[in-house]
Amino acid sequence: MAIDIDVARRLGDRSIAARFTAGPGLTALFGPSGAGKTSILNMVAGLLRPDRGHIRIGDRTLFDGAIDLPPEARRVGYVFQDGRLFPHRRVRANLTYGHDIVPAAHRWMTLDEAVQFLGIAHLLDRWPHSLSGGEAQRVAIGRALLAGPEILLMDEPLSSLDTARRNDIMMVIERIRDELKLPILYVSHDRAEVDRLATSVVAIGE
Amino acid sequence: MLSPEEWGIVALSLKVGGVAVLATLPIAFALAWLLARHRFPGRVVLDALVHLPLVLPPVVTGWLLLIAFGPFGPAGRWLESWFGVSLMFRWTGAALAAAIMALPLMVRAMRLSIEGIDRRLEGAARTLGASPWHSFWTISLPLALPGILAALVLGFARSIGEFGATITFVSNIPGETRTLPLAIYSALQVPGGEAMVTRLALLSVALSLGALVLSEWLVRRTHRERQRHGD
């Protein structure tokens, strides 16, 4: 499924622009901090409106000036840099949040499958604040997958983790890429991470 | 220990305070949300209006209510002709006075907690398929809950303590508008009323402290509920 992105947006005195197509696998948006990589993901997710351009996934248009689907209609999963779990819901209720809202036909993974895939069965009854960085990031990934997305956005998901945990989560990301075959747009400024994970690389802000 | 008359006063105070706070809660929440989240023309004016009862002498607030809801006031005439209802000299009028006086405190408490919500969590909910309304009910509102509880208690305490606006607006009628503070005031005017004053004053203290302890407990419980099962 091709992801076709051509967006531009002014934010204060910065102007952010990107134009690329992404195929299957993991497409890394690579560039220095402050180049607007996160803003591009936000535009794809529908959290930030581009000034102009278009965003298409396969034959679905998410944005083209006339069309501007709200985030909840885009089927774009988002794993944030800081996890962003809901603090007032246990892990289980975080995981099922989107799963319970989206139409049944959109789901392609059950709670049990997600829990197994991510190895988080022992965390289900915990509160988010009690999770380590790596555990929280697994739950955030599970929460996004369970909402049945067609593509997954990941915004520096390893940045708050130590080396051992980074490796753990990288293995999870590789399995999402290779076993689930979910297209991923992946933001990073870390060369080693990109070299290991990326199917293709898009340079941003150079 | 308490006479039937005194029990009546307590019951009336609880009724006036309870109705005032519960009826005001949705309005106060909407105002708090508007002021915390939206920029619109007239926002400063609205903010000032909401806070007015906090800084005006209560007697002036009561007098303004009298002008508005009296038999010849615009609101009073409207209520009378559409619903055949008058708030004058009625406990409902006392509840209205209490509600107006409690409003600023309730709005402030809820506004603080709404401003404290991490809005990025709402964005996360949207990417998971939640409509703005669903995200409001499942994310924003539960996260604002401590502020809502605080507002309820503060508003209730303020309501059952209301004196100036009430006595100005609906007078001091036994069994109808004579709430605890008004009853204390009346007992003070009567020779030999000191014993009753003492009992009613102690009762006021107990009610206010009770409300405070209850809110503290509720807030802690919501907090602990989220902390438990940690580690």
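Student: In what sense do strand E7 and strand E8 of chain A pair, and over how many bridges?
Tutor: Strand E7 (residues 151-155) of chain A pairs with strand E8 (residues 184-188) of chain A in the parallel sense, over 4 bridges. Pairing requires that DSSP finds at least two bridges between the strands. Strands here are DSSP runs of E, at least two residues, and helices are runs of H or I, at least four, numbered from the N terminus. The model is predicted: local features need pLDDT of at least 70, side-chain atom pairs count only at pLDDT 80 or more, and totals for chains, interfaces and linings use all residues. Residues are numbered from 1 along each chain as its sequence is written, while chains are lettered from A and ligands numbered from 1 in the order in which they are written.

Student: Which residue in E8(A) does Leu152(A) stand opposite?
Tutor: Ile184(A).

Student: What is the strand order in the open sheet of chain A?
Tutor: The order is E6-E7-E8-E3-E9, 5 strands with parallel pairing. Strand E6 (76-79) and strand E9 (200-203) of chain A each have a single partner strand, so each has one side without a neighbour in the sheet. From one strand to the next, the twist averages 20°, with axes fitted to C-alpha atoms (for helices over the stretch in contact) and angles running from 0 to 180 degrees between N-to-C directions.

Student: Switching to helix H3 of chain A. Which residues are buried there?
Tutor: Ala114(A), Val115(A) and Leu118(A) are buried in H3 (residues 111-118). Buried means 20 or more other C-beta atoms within 10 Å of the residue's own, exposed means 12 or fewer, and partly exposed is in between, with C-beta atoms placed from the backbone.

Student: Why do they line one face of the helix?
Tutor: Seen down the axis of H3(A), the buried residues fall within an arc of 100°, so they line one face. The arc is taken from the directions from the helix axis to the C-beta atoms. On the other side of H3(A), Asp112(A) and Gln116(A) are exposed.

Student: What covers the buried residues of H3(A)?
Tutor: The cover includes helix H2 (91-99), helix H4 (133-146) and helix H5 (163-178) of chain A.

Student: And what follows H3(A)?
Tutor: Gly119(A), with a positive phi near 65°.

Student: How many helices and strands does chain A have?
Tutor: Chain A has 6 helices and 9 strands. Of its 206 residues, 47% are buried. The C-alpha trace of chain A spans about 45 × 40 × 30 Å along its principal axes.

Student: What about chain B, how many helices and strands?
Tutor: Chain B has 11 helices and 0 strands. Its C-alpha atoms fill a box of roughly 70 × 45 × 30 Å, taken along the principal axes. In chain B, 38% of the 231 residues count as buried.

Conventions: Contact = placed C-beta atoms within 7 Å.
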